[in-house]
Amino acid sequence: MKPTFDLTRIMAFFSDLKILYHMLVKRVRGKTHAERMESFYGGQAADYDAFRKRLLHGREEMWRILPRPEQGVWVDFGGGTGANLENLGDDIRSLSKVYIVDLATSLLKVAQQRCEQKGWANVVPTEGDATSFTPEEGAADVVTFSYSLTMIPDWFAAIDNAYRILKPGGSIGVVDFYVSRKYPAEGNRRHGWFARTVWPNWFATDNVFPSHDHLPYLQRRFTTKHLVESRGKIPYVPLLRTPYYIFVGEKPRS
Ligand SMILES: C[S@@+](CC[C@H](N)C(=O)[O-])C[C@H]1O[C@@H](n2cnc3c(N)ncnc32)[C@H](O)[C@@H]1O
């Protein structure tokens with residue numbers, strides 16, 4: 001019997017190999033944080049979305065539950081290729097402006113192509129830093145961080161900046177890897193020694209820093225509207241599940 005080759009699967013496998021090379025082997029270079037981001041993502045921009053779909057869990061769910069205020073301004077910090085915006089469906093057109101703010105120019109190029117293909121005239125891929133960016137309008141109705149907070153060294157400054165630019169009553173959505181504190185607040189999930197020790201070290205090689213402080217700080221600054229603490233699979237790594245959370249909060253009105 002002749003062997004059958006599924007070309008699509010073979011190409012997908014080679015695309016995965018390329019991503020794994022960048023994640024596990026290639027050294028990240030650069031003096032500034034922006035240079036390091038571009039060094040890490042430059043070679044994987046074209047294959048980024050397919051691999052991350054299987055690694056970055058909870059993104060669709062978060063986008064589904066976030067409010068979409070009519071004529072609102074949305075700032076997606078560390079928005080990368082802009083793929084998450086597809087979860088907004090046609091509602092994206094009822095927003096006045098969506099900023100995809102990122103430091104990796106190669107990912108922003110993919111985002112720009114996506115905007116052109118989809119005809120998203122109100123979406124603006126913007127080179128900028130989440131710790132200091134302010135939208136032209138001066139304030140935002142919704143701010144999101146999808147697997148970007150763990151890559152921002154000054155993450156507290158990024159959360160403070162999100163708080164600063166959000167209108168009172170505005171929404172923040174964060175989905176990311178994390179580990180719990182050894183003694184988390186009542187109502188929050190507790191991770192054992194293995195998770196608290198292994199995951200921060202595992203991800204640190206890619207300059208991803210799952211923290212036990214991100215979620216408590218978000219809960220302190222914003223009113224919690226929705227919280228999911230769960231675990232997800234890692235491609236090619238059987239048995240292990242990495243912890244992630246989805247946080248949707250509101251900036252207090254007073
Ligand atoms: C893991 S990717 C997530 C991309 C996208 N949000 C997603 O869900 O697929 C993290 C992104 O955060 C960006 N990033 C890291 N630090 C940043 C900063 N200080 N300001 C803006 N973007 C930043 C990176 O360049 C990268 O695109």
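Two residues are taken to be in contact if their C-beta atoms, placed from the backbone, lie within 7 Å. The model is predicted: local features need pLDDT of at least 70, side-chain atom pairs count only at pLDDT 80 or more, and totals for chains, interfaces and linings use all residues. Residues are numbered from 1 along each chain as its sequence is written.

Phenylalanine 77 touches Val101, Ala130, Val143, Thr144, Phe145, Ser148, Ala158 and Ala162, leaving aside residues up to four places away in sequence.

Seven strands build an open, mixed sheet in the order E3-E2-E1-E4-E5-E7-E6. Strands are DSSP runs (E, at least two residues) and helices likewise (H or I, at least four), numbered from the N terminus; two strands pair if DSSP finds at least two bridges between them. Strand E3 (123–127) and strand E6 (223–234) stand at the edges with a single partner strand each, so one side of each has no neighbour in the sheet. Strand E4 (residues 140–146) pairs with strand E5 (residues 166–177) in the parallel sense, over six bridges. Threonine 144 stands opposite glycine 173 in E5. Helix H5 (residues 105–118) packs on the sheet and touches E2 and E3. The direction of H5 makes about 165 degrees with that of E3. Axes are lines fitted to C-alpha atoms, for helices over the stretch in contact, and angles run from 0 to 180 degrees between N-to-C directions.

Lysine 53 lies in the loop between helix H3 (48–52) and helix H4 (59–65). The C-alpha atoms of lysine 53 and proline 235 are separated by 9.9 Å, at 182 residues apart along the chain.
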